[in-house]
Structure formats: structure tokens, C-alpha cells
Amino acid sequence: MTEPKKRHIAILGSTGSIGTQAVDVIKAHPDQFQVEVLTTNNNAELLIQQAIDLKPNVVVICNEDRYDQVFSALDPLDIKVYAGAKSIASVVQMDTIDMVLTAMVGYAGLLPTIKAIEAGKSIALANKETLVVAGELITQLAARKAVNIYPVDSEHSAIFQCLVGEFHNPIEKIILTASGGPFRGKSREFLSTVTKAQALKHPNWTMGAKITIDSATLMNKGLEVIEAKWLFGLRSDQIDVIVHPQSIIHSLVQFEDGSLKAQMGLPDMRLPIQFALGYPNRLKSDFPRFNFMDYPSLTFEQPDLETFRNLQLAFDALDQGGNAACIINAANEVAVDAFLHDQIGFLEISEIIEGCLAKATFVQIPTYDDYVSTDQETRRLAMERIKSLV
């Protein structure tokens with residue numbers, strides 16, 4: 001009997017939260033996967049260790065100052081080493097790659113994803129900003145190139161899992177669940193004094209700093225709403241958000257007959273990563289199993305859109321269309337970074353985003369170049385606003 005062909009994977013952002021968990025999944029299934037490419041922004045030490053363990057064909061270190069360190073460690077192992085962000089957009093087009101896991105943080109993931117789709121690679125999408133910034137461009141390009149995009153976000157993976165076997169049945173509505181973050185139920189007065197340390201303590205998930213702050217402001221859920229529109233071809237009135245503090249139901253689909261399907265499980269990002277990498281097969285795992293007796297009560301509540309303005313701003317940008325979502329993404333990335341560097345307060349994150357959405361140049365039918373200029377303009381506007389607050 002011939003062995004099944006291994007799926008050759010490129011992991012963009014292999015040293016981050018999603019990337020390291022993807023490495024764990026791949027190590028657990030050496031008969032299924034071969035790592036072809038690993039990339040990181042700055043973490044040379046972990047990149048070197050991952051490369052020694054997984055023996056990829058190529059690694060990329062974005063920070064060119066760390067190139068010599070990575071090269072000297074990996075060249076004796078016959079692993080090619082490149083540096084700079086442009087190298088990532090180039091290596092994803094390699095013939096030997098079957099699937100690209102885009103786990104880079106933020107806007108930086110857009111161009112490599114475009115180049116991977118143009119090269120006909122399947123996409124496991126953990127970089128939600130790609131669809132937030134340029135959803136129409138990405139989905140049209142993927143359709144033209146006959147490329148499948150498999151969602152890795154736990155909520156979108158849940159929707160996708162609920163749709164397997166149902167693709168011929170129209171969706172009436174999807175319901176994205178949100179934990180509510182560390183400040184669920186708190187007032188704006190309380191939020192005006194919260195610290196970075198408080199905001200980084202997510203009750204259920206272990207994630208990188210940027211996405212953890214996004215979860216605390218509910219911007220992460222707002223970005224997921226926009227991502228869901230493009231992944232599943234929905235209108236904004238077909239997307240609901242419900243707060244579910246236990247994070248056991250990861251999202252639901254309602255069909256035209258009124259039936260609801262939900263995907264459930266313990267909060268563990270390895271499961272949606274493994275589902276995307278291995279689709280259409282469910283690979284065996286030793287992940288902890290859910291026990292109803294550990295969660296005798298599952299609760300739900302409406303999100304507080306007045307206290308947590310970012311979720312409403314995301315719906316506003318979705319309804320506005322054009323480059324509006326690109327504006328809120330760029331403003332949010334700058335504002336979150338400023339909050340993490342103690343330059344602004346927690347509530348000022350949404351104030352900066354709202355200001356940029358009102359002030360940045362609106363483009364109804366943007367091209368890729370328009371997205372690039374919108375991102376640059378919005379970041380400048382956001383920085384000006386931050387300087388005025390400091």
C-alpha cells in the first residue's frame with residue numbers, strides 16, 4: 001500500500017500564538033504534513049529551533065538585522081534563509097507548497113496572502129485582517145484562481161464545520177459567539193482607568209497581545225463580523241453577535257427552516273488549526289475532551305455596544321463598504337500599539353478609530369493600491385491623534 005501524500009505547509013508567522021500551535025499540530029501528525037516554509041518577524045531564536053525540529057526547505061526572518069544569526073545556525077543544515085518582508089511574498093509562490101497558513105498579525109498578512117492565492121495555493125486563514133482590509137479583492141481573486149480559503153479563527157471554523165454537508169442549503173443567519181473579554185459587564189467609568197495588565201488577562205483564551213486587546217475592546221469580534229461577510233457571502237443583517245462567557249459554543253448557523261447547528265468544544269485553537277490543515281479529514285487528536293458536567297450552565301447575553309464602541313464601528317464600516325473596513329483596521333492597529341506602549345487609555349482606542357473613520361479619504365470601489373494608500377493615510381491620522389493626546 002502506498003503512503004498518503006503529505007500536505008506541504010508554509011507557516012507565515014510560525015513563532016506567534018497560532019504559528020506555535022500549528023507547529024504542535026504538525027509535529028503530532030508527521031505522516032500527514034511536511035513544513036516547507038517558516039517565517040517570523042523578529043523571533044530568531046524560536047525560528048531557529050523550529051527549523052532544526054521541522055527541517056523546512058526555507059525560512060524567512062523579516063528583521064534583516066537578525067539574518068546573519070539565522071543564516072549561521074541553519075546554513076549547515078541546508079535550509080535556505082531569506083530576510084525582509086518582500087521575501088515572504090516571494091517564497092509563498094514556491095511550487096513545492098500545497099497550503100499556506102497565514103498566521104501573521106495585522107495588515108502585514110495581506111500581500112503574502114494575495115501572492116499565495118495568485119500562485120494557486122490553498123489558504124488556511126488565521127490573519128483575519130486580510131479579509132477585513134480587502135475582502136472583495138481577496139474573495140474575487142480566490143474565485144478566479146479556484147483557491148479554497150479555510151478559516152482558522154475558532155468562530156469561522158465553527159461556521160465552516162456547521163456548513164459541511166450543507167453547502168447547498170442557504171444560510172438564513174449566522175451567530176458569532178464572544179466571550180465578552182475580561183471587562184464584560186463593566187461600565188465606561190471602570191474602563192477609563194483599566195491598565196494594560198488587566199486588558200491582557202483574557203478569561204478563556206491564550207493569544208498574542210494584539211488580539212487579546214482586540215478581544216477586550218470587542219474589536220476582535222467586529223473584525224470577525226467583517227471577515228464572516230466575505231468568507232460566507234453574507235449581508236450584515238445576516239450576522240449576529242451573542243456574548244457567551246463560557247466559550248464552549250464557538251458559533252452557530254441558522255438555516256431557512258429555522259434549524260440551528262452549533263459547533264462546541266473546549267477553548268483550544270489547535271482544533272480549528274488542525275481542521276483547516278487536514279480538511280476534509282478530521283485527524284485524531286489527544287486534545288482535552290469537553291464534559292457537560294464541568295459546564296452545567298451555558299449562558300448568553302447581548303453585547304453592550306454603547307460601552308464597547310468598537311463592535312458597532314465594525315458594523316458601521318461593513319455597511320459603509322468601500323475602504324471603510326481598511327480604515328478601521330489601520331486605526332485599530334495603531335491605537336492598540338499605542339495602548340500597549342502606555343501612550344493612550346483604553347477608551348481612547350475607539351475614539352481614535354471613530355475619528356479616523358470620519359476623517360480618512362473614503363473610496364467606494366478600491367483597488368489594491370487604494371488599500372495601500374488608505375492604510376498609510378489612516379496610520380498617519382491615528383498617530384497625529386495619539387500625539388495630541390499624549
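The model is predicted, so local features need pLDDT of at least 70 and side-chain atom pairs count only at pLDDT 80 or more, whereas totals for chains, interfaces and linings use all residues. Residues are numbered from 1 along each chain as its sequence is written, and side-chain values use heavy atoms, with hydrogens and water left out.

**Helices H1 and H12**
- Helix H1 (residues 17-28) packs against H12 at an angle of about 65°, with the axes 9 Å apart; axes are lines fitted to C-alpha atoms over the stretch in contact, and angles run from 0 to 180 degrees between N-to-C directions.
- Helices are DSSP runs of H or I with at least four residues, numbered from the N terminus.
- In the contact (heavy atoms within 4.5 Å), Ile18, Gln21, Ala22, Val25 and Ile26 of H1 meet Arg270, Ile273, Gln274 and Leu277 of H12.

**Nonpolar cores**
- A nonpolar core is a set of buried Ala, Val, Leu, Ile, Met, Phe, Trp, Tyr and Cys residues joined through side-chain atoms within 4.5 Å, where buried means under 20% relative accessible area and exposed over 50%, with a 1.4 Å probe and protein chains only.
- The largest core has 93 residues, of which Ile11, Val59, Val70, Val152, Ile174 and Leu277 touch the most other members.
- Its largest share, 11 residues, comes from helix H14 (residues 324-340).
- Leu277 touches residues including Val25, Ile26, Phe33 and Met99, not counting residues up to four places away in sequence.

**Loop residue Asp294**
- Asp294, in the loop between helix H12 (270-278) and helix H13 (309-320), is exposed, with a relative accessible area of 56%.
- Asp294 and Asn329 are 35 residues apart in sequence and 37 Å apart in space, C-alpha to C-alpha.

Methods
Helices (H or I, at least four residues) and strands (E, at least two) are DSSP runs, numbered from the N terminus.
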